[in-house]
Amino acid sequence: NSQLDALQAEKETLRKSVNEKECELISTKGLIQEKELLLSQEAEKRAKEVQELQEKLVEKKTHEQNLQQKLLDDQFRILQGTIKEAESIIQDAVSKLDDPLHIRCTSSPDYLVSRAQAALESVNALEKGHMHYLTNMADASGLVAALAQFAHLTADAIVNGSATSHLAPTDHADKLTESCRDCGHHSLDYLDKLKDKQSLREADPAELRTTLQRLFQLGQELRPKSLDVREEELGDLVDKEMATTSAAVEDAVRRIEEMMNQARVESSGVKLEVNERILNSCTDLMKAIRQLVLTSTHLQKEIVEGGRVRPLGM
């Protein structure tokens, strides 16, 4: 019996232990289920947050793309407005070629040369602005500024080319008028290509530059030949001019002295005194003029050697 009681007691102990383990297992399962639920909720929350972030990222990218496109459209719109204004300026200049009132306007070859040179430089700036815009179409500022300058300077060259033709020989006048028309035509053709996003990339001002160079050359041909005298020739011109002036002064002094001698022979008293005073004043004046000529000769040589101005009388 004692052995049976011991077994019974051990059985009871094991049963209690099993019950405790079962309770612990149930408790552990509950904790696991609770943790799993929390993890599931956390995972669901994270997934939702990730989805929201992805949606916001997509929305942000779309917004940035829209802003970028708007910037491109705005820059292109500004460019088109500038092109339209440039066309109006060029067209107005070309219209002067057939304007009867413009016939009264004249210009010098020198001024035409300066205007054509300025227009050529503006074409170079226009090319740089064009290349920059093709590289970064979000910034049309360089091209817009270059277009504004180009339009005004090219129109100025066209108007002055026409005005110069009014005083030019027939052959040069015809060439000037034709070149002015070509310049206007090529300018408008170039501007027209800038209006389209496809042709914009192929726009080339080469023909426009050629017509401006032709205007420049015609202006050079019409310049007075005296302006082309070389510096080494200027010194000779100065020497000749000053020598002639000095000789004239010397001759005047000699004639005054002859008049004084003659007055002493033919006059007397108050009349002689008056004549001598007059002739002495003339002599002093001629001496002063001679000194002025000598000083001018020296100064003029210095100026010519410095290549700053043309000799007197040119």
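Helix 2 (residues 109–135) and helix 3 (residues 141–165) have axes that come within 8 Å and cross at roughly 155°; the axes are lines fitted to C-alpha atoms over the stretch in contact, with angles running from 0 to 180 degrees between N-to-C directions. Helix 2 and helix 3 are therefore roughly antiparallel to each other, a term that applies to angles over 145 degrees. The contact of helix 2 with helix 3 comprises 16 nonpolar, nine polar and two charged residues.

This is a predicted model, in which local features need pLDDT of at least 70 and side-chain atom pairs count only at pLDDT 80 or more, whereas totals for chains, interfaces and linings use all residues. Residues are numbered from 1 along each chain as its sequence is written, and side-chain values use heavy atoms, with hydrogens and water left out.

Helix 3 also contains S162. This serine, S162, is buried, with a relative accessible area of 3%; buried means under 20% relative accessible area, with a 1.4 Å probe and protein chains only. Apart from its neighbours within four places in sequence, S162 is in contact (heavy atoms within 4.5 Å) with L97, H102 and C180.

The protein chain as a whole has seven helices and zero strands, helices being DSSP runs of H or I with at least four residues and strands runs of E with at least two. Of the 314 residues in the protein chain, 29% are buried. Among the contacts in the protein chain with a separation of 6 or more, 80% are between residues 24 or more positions apart.

Key: Parallel < 35°, antiparallel > 145°, perpendicular 65-115°, else oblique. Nonpolar A, V, L, I, M, F, W, Y, C, P; charged D, E, K, R; others polar. Buried < 20%, exposed > 50% of the residue type's maximum accessible area, 1.4 Å probe, protein only.
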